[in-house]
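Please consult the sequence and the coordinates shown here while reading.

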Amino acid sequence: MSNLPPLNTDTIWAILNEEIDDAAVNQLVWHCLGYRYDPVTAKWDNQQVSPEWRDEYPQPPDFIESRPATVKLTRSIPTQYKQIVKEKLGFKGYKIGEFGPRQTRRATAANWLLSYMEQKG
């Protein structure tokens, strides 16, 4: 996972515009949550993951495929950052009829990542 895109607003836009594949989106969120893959043991190390995530998801969840994981991700965004992609980036959302659960989950990941960036400075 060393070839992840940098965590910046260009990457957030690339997630929203579907220019980054789902696997990379998941990997960015996993990395920020603290999940680390050990290629030697071929296992996930979750020691840096907060207990509220580690207890429910000892292995990193697929946020694009799993509605429950995405709901948890949404709920973990602090209230003041719930609309940060709209407020900070001016994202207008997707047009009705042109999006589905996958795009909604990618937007959630983008919002969570941007909120993570804001909190970490």
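Across the whole structure, which is a predicted model, a search finds five salt bridges. One of the salt bridges joins the side chains of Arg102 and Glu18, with an N to O distance of 2.3 Å. Arg102 belongs to helix α6, whereas Glu18 sits in the loop between α1 (9-16) and α2, so this pair ties together parts that are 84 residues apart in sequence.

Helix α6 (residues 101-120) also takes part in a helix pairing: its axis and that of helix α4 (residues 67-75) come within 10 Å and cross at roughly 30°. Because of this angle, α4 counts as roughly parallel to α6. The crossing in which α4 passes α6 is left-handed. On the α4 side, Arg67, Thr70, Leu73 and Thr74 make the contact, and they meet Arg105, Thr108, Ala109 and Trp112 of α6. Sorted by class, the contact of α4 with α6 comprises three nonpolar, three polar and two charged residues.

The confidence of the prediction can be summarised as follows. The mean pLDDT of the chain is 93, and 98% of the residues score at least 70. The helices with the lowest and highest confidence in the chain are listed below.

| Helix | Residues | Confidence in the chain | Mean pLDDT |
|---|---|---|---|
| α5 | residues 84-89 | lowest | 90 |
| α2 | residues 22-33 | highest | 97 |

Where pLDDT is low, predicted coordinates should not be read in detail.

Definitions and conventions. Residues numbered from 1 in each chain as written. Predicted model: local features only at pLDDT ≥ 70, side-chain atom pairs only at ≥ 80, totals over all residues. Heavy atoms only, no water. Axes fitted to C-alpha atoms, helices over the stretch in contact; angles between N-to-C directions. Helix = DSSP H or I, 4+ residues; strand = E, 2+ residues; numbered from the N terminus. Parallel < 35°, antiparallel > 145°, perpendicular 65-115°, else oblique. Left-handed = near helix turned anticlockwise from the far one by under 90°. Contact = heavy atoms within 4.5 Å. Nonpolar A, V, L, I, M, F, W, Y, C, P; charged D, E, K, R; others polar. pLDDT = per-residue confidence, 0-100. Salt bridge = Lys/Arg side-chain N within 4 Å of Asp/Glu carboxyl O.
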